[in-house]
Amino acid sequence: VMVGFAVWGFCQMVVRRSFFGVDRDPLALGALYVALLAAYLLFEKCVVNYRPVLVEDVLEASYPSSTTLLVLGVMMPALMQVNRRVEHPCARRALVVAVTAFAVFMVLARLISGVHWLSDIVGGILLVVGLAAAYRFAAL
């Protein structure tokens, strides 16, 4: 999904022959992805808490759930783009259901697998909701 959005922005830049000719949507997505990466790296270095289980006999950072952070950080803006750009109602509905089901499955799987505390999942969700709100403000 991220590569698809990157190709979309790159194609706009090539066709319009200017970085500044790219729509706000793909530029804001790029900024969102940089913010997601920064959050991921920050919480890997500044450990809030550790996983409830050892992974290969090593304590690993657990907060926020990186899977939750990355999946929702990509899928929430994707849903915004689907709702904005897909005109056919059946196609839009199918994409919304598929993207939402995938995101919910991934988040629940992290919780059920026992490798995260509930607070890790909630923290990831809250962080992404804030970043997605900033994206929506900047892009739409």
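Reply: Just after helix 4, Gly114 takes a positive phi of about 85°; helices here are DSSP runs of H or I with at least four residues, numbered from the N terminus. This is a predicted model, where local features need pLDDT of at least 70 and side-chain atom pairs count only at pLDDT 80 or more, while totals for chains, interfaces and linings use all residues. Residues are numbered from 1 along each chain as its sequence is written, and side-chain values use heavy atoms, with hydrogens and water left out.

Me: How many residues does helix 4 have, and how far does it reach?

Reply: Helix 4 has 24 residues and reaches 34 Å from its first C-alpha to its last, close to the 34 Å expected at 1.5 Å a residue, where the expected span is 1.5 Å times one less than the number of residues.

Me: Which residues of helix 4 are buried, and what covers them?

Reply: Val99, Ala103 and Val107 are buried in helix 4, meaning under 20% relative accessible area, with exposed being over 50% and partly exposed in between (1.4 Å probe, protein chains only). Their cover includes helix 3 and helix 5.

Me: At what angle do helix 3 and helix 4 pack?

Reply: The angle is about 170°, with the axes of helix 3 and helix 4 10 Å apart; axes are lines fitted to C-alpha atoms over the stretch in contact, and angles run from 0 to 180 degrees between N-to-C directions. Helix 3 and helix 4 are therefore roughly antiparallel to each other, a label for angles over 145 degrees.

Me: And by class, what is in that contact?

Reply: The contact of helix 3 with helix 4 has 12 nonpolar, 4 polar and 2 charged residues. Ala, Val, Leu, Ile, Met, Phe, Trp, Tyr, Cys and Pro count as nonpolar, Asp, Glu, Lys and Arg as charged, and the others, Gly among them, as polar.

Me: Switching to helix 5, which residues are buried there?

Reply: In helix 5, Asp120, Ile121, Gly123, Gly124, Val128, Leu131, Ala132, Tyr135 and Ala139 are buried. They cover an arc of only 165° around the axis, going by the directions from the axis to the C-beta atoms, which puts them on the same side of helix 5. The face turned away from that buried side carries the exposed residues Leu118, Leu126, Arg136 and Phe137.

Me: What does Gly123 touch?

Reply: Leaving out residues up to four places away in sequence, Gly123 touches Tyr63 and Pro64, contact being heavy atoms within 4.5 Å. Gly123 counts as buried because its relative accessibility is 8%.

Note on methods. Helix = DSSP H or I, 4+ residues; strand = E, 2+ residues; numbered from the N terminus. Parallel < 35°, antiparallel > 145°, perpendicular 65-115°, else oblique.
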